[in-house]
Amino acid sequence: MSVKVNGNKLHLTTFEISTTGKNIRKCLVAQKNFAEASEVIDHVNTDDDDSMIKALNAQIKLIDTYTEFLKPILHLSDEQTQKVEDSDFNDVVDFTNEVISKVLGYDSEKSKKPADK
């Protein structure tokens, strides 16, 4: 099976991504990397230089992780990768979350609908 993701927000095309075990694993590894970086960033001690450096490195790694995830899963060319890197970071995060949600089978439309009474 495969899922489609619209990349217009990042000035890209629509992508069809297979829901293979390999791509599911890529999504889970990316989520793990996002969580690890967030953990370091969330627990920064601004009075400790070493903690600040670790938080800054985590932020850099976090930004890099988005491109490192999207490039292989979408089979992006160098030009497309550059478009991702030049896009608004919040748009990149939203797009990446949509890719992960669709590949992992989360139905975001269901979660946005109000509960039936």
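**View 1. The largest nonpolar core of the predicted model.** This core has 25 residues, and the members that touch the most others are I17, F69, L70, L74, F95 and V99. At least two core residues come from each of β1 (2–6), β2 (14–18), α1, α2 and α4 (89–104). Helix α2 gives the most, with seven residues. In soluble globular proteins, nonpolar side chains tend to be buried together.

**View 2. Contacts of L70, a residue of the largest nonpolar core.** Neighbours within four places in sequence are left aside here. On that basis L70 is in contact with H75, L76 and V84, and also with V92, F95, T96 and V99. Of these partners, F95 and V99 are listed with L70 among the core residues that touch the most other members.

**View 3. Packing of helix α1 against helix α2.** Helix α1 covers residues 21–42 and helix α2 covers residues 49–74. Their axes are 8 Å apart and meet at an angle of about 165°. An angle over 145 degrees counts as roughly antiparallel, and α1 and α2 are therefore roughly antiparallel to each other. Their crossing is left-handed. On the α1 side the contact is made by N23, K26, C27, A30, N33, F34, A37, V40 and I41. On the α2 side the contact residues are K54, A55, A58, Q59, K61, L62, T65, Y66, F69, P72 and I73. Sorted by class, the contact of α1 with α2 has 13 nonpolar, four polar and three charged residues.

View 4. N23 is one of the α1 residues that make the contact with α2. The relative accessible area of N23 is 8%; buried means under 20%, so N23 is buried. With neighbours within four places in sequence left aside, N23 is in contact with I17, S18, I73 and V103. Among these partners, I73 also belongs to the α2 side of the helix contact, and I17 is one of the core residues touching the most other members.

View 5. Y66 is among the α2 residues in contact with α1. Its relative accessibility is 7%, and Y66 therefore counts as buried. Leaving aside neighbours within four places in sequence, Y66 is in contact with F34, F89, V92, V93 and T96. F34 is one of the α1 residues in the helix contact. Y66 and F89 are 23 residues apart in sequence, and their C-alpha atoms are 9.5 Å apart in space. V92 and T96 are also among the contacts of L70.

Notes
Residues are numbered from 1 along each chain as its sequence is written. This is a predicted model: local features need pLDDT of at least 70, side-chain atom pairs count only at pLDDT 80 or more; totals for chains, interfaces and linings use all residues. Side-chain values use heavy atoms; hydrogens and water are left out. Axes are lines fitted to C-alpha atoms, for helices over the stretch in contact, and angles run from 0 to 180 degrees between N-to-C directions. Helices (H or I, at least four residues) and strands (E, at least two) are DSSP runs, numbered from the N terminus. Angles under 35 degrees count as roughly parallel, over 145 as roughly antiparallel, 65 to 115 as roughly perpendicular and the rest as oblique. A crossing is left-handed if the near helix is turned anticlockwise from the far one by less than a right angle, and right-handed if clockwise. Contact means heavy atoms within 4.5 Å. Ala, Val, Leu, Ile, Met, Phe, Trp, Tyr, Cys and Pro count as nonpolar, Asp, Glu, Lys and Arg as charged, and the others, Gly among them, as polar. Buried means under 20% relative accessible area, exposed over 50%, partly exposed in between (1.4 Å probe, protein chains only). A nonpolar core is a set of buried Ala, Val, Leu, Ile, Met, Phe, Trp, Tyr and Cys residues joined through side-chain atoms within 4.5 Å.
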